[in-house]
Amino acid sequence: MKEKSFLIGIVFSIILISGFIYFLSQKPLSSEFSKVKATVYYQQNCNCCKEYIGYLRSSGFKVETKILSLEELEQLKKNLGLSEDLYSCHTVIIDKYFVEGHVPLGAIKKLLNEKPDIDGIALPGMPSGSPGMSGFKISPFKIHSVKDGKDQGIFIEI
């Protein structure tokens with residue numbers, strides 16, 4: 001019986017130490033975006049928007065939130081030149097760009113690093129497994145670029 005308890009203790013210790021080492025080895029993303037402000041426009045009761053806000057914060061962005069009514073949010077999207085087929089549940093303004101929907105960090109990094117001559121990027125709908133959305137990723141996320149109210153095609157596929 002003592003041998004069994006001893007073995008369980010060793011296994012538990014190995015798991016605990018491995019987890020601690022893994023945690024320490026993770027490179028924080030916060031330094032890369034620590035000075036970048038992201039303003040998120042969303043409706044108050046949208047839980048996936050709140051999850052996406054957490055995703056941006058954990059990536060290091062300085063996040064400001066603005067709660068809007070559905071009508072105000074739709075007007076913002078129209079003012080930005082988004083067509084309805086590109087809509088999602090929230091809109092983010094980062095620097096001079098808009099980021100529509102549950103866009104993964106890789107697409108935002110590409111946008112901010114390359115600084116293309118576009119108005120913004122959009123991941124239409126609320127795809128399963130995207131940042132802030134539950135479920136599994138079913139297919140690659142196709143993030144569109146938008147300029148002057150027109151879909152310019154795929155900006156990046158992640």
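This is a predicted model: local features need pLDDT of at least 70, side-chain atom pairs count only at pLDDT 80 or more; totals for chains, interfaces and linings use all residues.
Tyr55 is partly exposed, at 22%; the cut-off for a buried residue is under 20%. Both tyrosines belong to helix 3, which spans residues 47-58. Three residues separate Tyr52 from Tyr55, about one turn of the helix.

One aromatic pair is counted in the model. The ring centres of Tyr52 and Tyr55 lie 5.6 Å apart, and the ring planes meet at 35°. Planes under 30 degrees apart would count as stacked, and those over 60 as edge-to-face. The pair of Tyr52 and Tyr55 is therefore tilted.

Two lysines sit over aromatic rings. Lys77 is placed over the face of Tyr87, 5.5 Å from the ring centre. Lys110 has its charged end over the ring of Phe155, at 5.1 Å from the centre of that ring.

Lys77 is also one of the buried residues of helix 4 (residues 70-80). Viewed down the axis of helix 4, the buried residues fall within an arc of 95°, so they line one face of the helix. The cover over these buried residues includes strand 1 (37-42), strand 3 (91-94) and strand 4 (97-100). Glu71 and Asn79 lie on the other side of helix 4, where both are exposed. Gly81 follows helix 4. The phi of Gly81 is positive, near 90°.

Methods
Residues are numbered from 1 along each chain as its sequence is written. Side-chain values use heavy atoms; hydrogens and water are left out. Rings of Phe, Tyr and Trp (its six-membered ring) pair if their centres lie within 6.5 Å; planes under 30 degrees apart count as stacked, over 60 as edge-to-face and the rest as tilted. Helices (H or I, at least four residues) and strands (E, at least two) are DSSP runs, numbered from the N terminus. Buried means under 20% relative accessible area, exposed over 50%, partly exposed in between (1.4 Å probe, protein chains only). A charge sits over a ring if NZ of Lys or CZ of Arg is within 6 Å of the ring centre and within 35 degrees of the ring normal. The arc is that of the directions from the helix axis to the C-beta atoms. Contact means heavy atoms within 4.5 Å.
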